[in-house]
Amino acid sequence: MSSKVSIFAATYVAALKSADGLSHFLYGKSMQHGEKLAAAVKRSWDYGLFGDSSVESVWVSAPSGATVPCPVLQCAEAADAVVIGGGSLGCQTLYHLCKMGMTNVVLLERDRLTAGTTWHTAGLLWQLRPSDTEVELLAHTRRVVSSELEAETGLETGWIQNGGLFIASNKQRLDEYKRLMSLGKVYGIESYVLSPAETKELYPLMNVKDLYGTLYVPKDGTMDPAGTCTTLSRAATARGAMVIENCPVTGIQVQTDHMGVRRVKAVETDFGTIETPCVVNCAGVWATKLGKMVGVNVPLIAMHHAYVVTERIEGIQNMPNVRDHDASVYLRLQGDALSVGGYEQNPIFWDEVSDKFAFSLFNLDWDVFMQHIEGAINRVPALEQTGIKSTVCGPESFTADHKPLMGEAPEVRGFFLGCGFNSAGMMLGGGCGKELAHWIIHGRPEKDMYGYDIRRFHHSLTNNNRWIRERSHESYAKNYSVVFPFDEPLAGRNMRKDPFHQLLQEQGCVFQERHGWERPGWFHKEGPAPVLDYDYYGAYGIPTHSDYKYNQLLGKEYTFDFPPHHDTIRDECMTCRKAVAVFNMSYFGKFYLTGPDAKKAADWLFTADVNKAPGSTVYTCMLNEKGGSESDLTVSRLEPGPAHLPLTPESNGDAYYMAVGGGVAQHNWSHIQTVLQDKGFNCTLTDHSEDMGMISIQGPKSRDLLQEVLDTDLSNEAFPFSTHKIVTAAGHKVRAMRLSFVGELGWELHIPKDSCLPVYRAVIDAGAKHGVRNAGYRAIDSLSIEKGYRHWHADLRPDDTPLEAGLAFTCKMKTSIPFLGRKALESQKAEGLRRRIVCFTIDEKVPMFGLEAIFHNGVPVGHLRRAEFGFAINKTIGYGYIRNPDGGVVSPDFIRSGEFTLERMGVVYKAKAHLKSPFDPENKRVKGIYSTD
């Protein structure tokens, strides 16, 4: 600091008040930079963005070459976090970091706040979505922009509560809206299903002749991006944060620690370097370039996204915003005019993203956009005689599943993502900004954010340009499509295939896509239905597939009734219950944990005591510090010995084999690695998921079948439940585990990939006389819920503890062994459970899929997380977490008392609550005990 000339801060306070005065100082090497800084600081001064703590914070070079302090750089030499990007997410994250107590934070914006994509956003806020987490996120955004910010700052954000109207042109669409309405009752969101006549009364200019009905949400509304971001910035800087505009990031320094872990060290700009352990990438369409600076994959793609603003329309004032999903168009109220936009099947990609693009727009391609005008005119005929005042066609970032990218990147610790918001950055900004801030400060979000977590994608996909482009296109084109329970993508398929894929496809397997893997969904009786290369729905001159059998089968599944293949799935389930079925579960993640500290790591990571005798297999959870469930998995203790990969790793001491759900393998891997790094454990985690296949043989006849294939005694005494051993199957070494995920006698075979097909064929041949058949994951979903087994990220999530989820038996609470999350569980146990999972059945033969509202004596107490039809008990089964309306403990007596009902699409059904699984509650079948009747 001695080389810098010290000047009284008051000199520069005076300069701040005049943009002309401040521009005499050069911010960087050119007068242009000085003028930009002057304008930015003048605006910030006018907005009150600098408090007393901001004095002496930016360094500028005087014309003479001497370096002098000017009120914006000195305190930015180090920060607890640096947020990059001054759009909705950047400003919301900064604000919530400060609100949670982290005030030594800096926001860097390469141009000016909102200059990238936020400034031209439509700013619509719809409260109802087909996701409980998203409903909660949207509710927080609404609170922030409609009341909290104004109460804190005295400034209005520009929030307008004009309501929202969803248009249904067919029964399926209205059924979807009724599902949203039922979920909204759980959260106290006012909504109404309106008839066409009622809709016409509400919105006189609307054509209702082709309507089936509408969903009206009176408290939806419209946000102002500039007003919101300005107010957020003022609130944050008042708490001590700093906002620096016109300051592009030129580099991010990363250091490797003593364990070989790469961590954020500093952020570089042309005007100085800021030391920081945390960078938050909120750079929108520019986020990919920012990620490349540190070797982080940011799987998003930029596209043109447009709307037009009409001339004045008489009678449109105070009308609600409209989403006509079937026409793929929205109508946003803009004073006495409308903004018209939507999602087309042929969006224009922006392949060469320019760093100089700020407050800029593209020329509108009317050939692409005209379809939205046609849909809008059909809905509001007055538009046909209304002129276009202006067009807005700007860039937006889109992702493979139309969900944001959030959380800590698996490649670099301290590098967080808050980008890829698919034109919903304003709407989701408040909720996501809060969760991201909590993630940064506490290591995890408060809510279940797995659906947005970057770790939901396997690392092999996040830098696969074909997959990103195809899936992002399909998600964009289908953004307004009905969200059906059994839909599957057509884009980005066949990325990961196990050794059984071709053989099962020939046998009629209809595949699902999870984590890039093709996994069996169910088996079609009329021959192969292969997944073909993506045809972009005929866009860009690409011919559509004709007679595409897989797509045709998917189309038949598009219903909220029982699907047409319900009986096929029933047959797969009942074969498993009465005889024997083979499930290909090869997509599972398969990890080994070895090394000097492997036992310490296992004790800390896993809730159950996995340090039993070698040869044992234990079902367990992994938790976060708050006791939330980050995973459920099986852990097998291995014998020490030399390596015989992929079946056994080299180990001179403790070694463990983990089998985890394939759809969440990356999440599991990253969670384990993060814990190992944070605790400094000296051990190695290796991934052999691609090296082994896995089939599960389940049902009353499984022992008889496998006894002919395996060279070992399968009796209860010789091969007890929850044990494993290396055996020979048809001349090939495999690891056999006696486990079940369907509630039957059965074994899993973990097979080196080169041995998969001969072992499978031997199993099928031996099972022919026992009535063996293939079965898929649709059957597993039904069988597992019937037995009461949990699915992670359905009825078990990071915001659920094992105690709430009925999994207390997985926790070694009776031992003194510490484990991650134990303290939280001990506190929860002492205080009593304020929420817990409950099983419900109904007598009516109607399907449920999750999100149905749960009522206790007419009061909403929760919603179903997961629901399926149980074929053995011949009932619809659902699981959901319930609360006591008075805030008290949810005791067994509370569950037994009163009347429970479930609301499905506005229709109420009496429900029976179960404290135990209604199927095989004594758990006899997994032990091989079957009644003779």
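**Entry 1: cavities**

The model is predicted: I took local features only at pLDDT of at least 70 and side-chain atom pairs only at pLDDT 80 or more, while totals for chains, interfaces and linings use all residues. Residues are numbered from 1 along each chain as its sequence is written, and side-chain values use heavy atoms, with hydrogens and water left out.

For the search, a cavity is a set of points on a 1 Å grid over the protein atoms alone where a 1.4 Å probe fits but cannot get out, and lining residues have an atom within 4 Å of a point. Points are joined across faces, edges and corners, and a volume is the space filled by probe spheres set on them. I recorded eight cavities of 30 Å³ or more. The largest cavity holds about 160 Å³. It is lined by 15 residues, of which Phe486, Pro563, His566, Glu868 and Phe869 are the closest to its centre. Two or more lining residues come from each of helix H15 (566-578), helix H20 (777-787) and strand E37 (859-870). Here helices (H or I, at least four residues) and strands (E, at least two) are DSSP runs, numbered from the N terminus.

I then sorted the lining into ten nonpolar, three polar and two charged residues. In this sorting Ala, Val, Leu, Ile, Met, Phe, Trp, Tyr, Cys and Pro count as nonpolar, Asp, Glu, Lys and Arg as charged, and the others, Gly among them, as polar.

**Entry 2: salt bridges**

I searched the whole structure and found 50 salt bridges (a side-chain nitrogen of Lys or Arg within 4 Å of a carboxyl oxygen of Asp or Glu). For exposure I used relative accessible area: buried is under 20%, exposed over 50%, and partly exposed in between (1.4 Å probe, protein chains only).

Glutamate 148 pairs with lysine 99 at 3.3 Å, N to O. Glutamate 148 is in helix H5 (residues 132-153) and lysine 99 in helix H4 (residues 88-99), so the bridge ties together parts 49 residues apart in sequence. Glutamate 148 is partly exposed at 25%, and lysine 99 is partly exposed at 37%.

Arginine 835 pairs with glutamate 804, with the closest N and O atoms 2.7 Å apart. Arginine 835 lies in strand E35 (residues 835-842) and glutamate 804 in the loop between H20 and helix H21 (822-831), so this bridge ties together parts 31 residues apart in sequence. Arginine 835 is buried at 12%, and glutamate 804 is buried at 7%.

I also noted a network of salt bridges that links Asp132, Asp448, Arg797 and Asp799.

**Entry 3: backbone**

Most residues other than glycine have a negative phi, and most peptide bonds are trans. I therefore listed departures from this pattern.

The peptide bond from leucine 645 to proline 646 is cis, with omega near 10°. Proline 646 sits in the loop between strand E27 (629-637) and strand E28 (655-660).

Threonine 114 has a positive phi, near 70°. Its place is the loop between strand E4 (105-108) and strand E5 (124-125), and threonine 114 is buried at 7% relative accessibility.

Alanine 730 also has a positive phi, near 50°. I located alanine 730 in the loop between strand E31 (724-729) and strand E32 (732-737), where alanine 730 counts as partly exposed at 41%.

Definitions and conventions
On a 1 Å grid over the protein atoms alone, a cavity is a set of points where a 1.4 Å probe fits but cannot get out, and a pocket is an open set with protein on both sides within 12 Å along at least five of seven lines; lining residues have an atom within 4 Å of a point.
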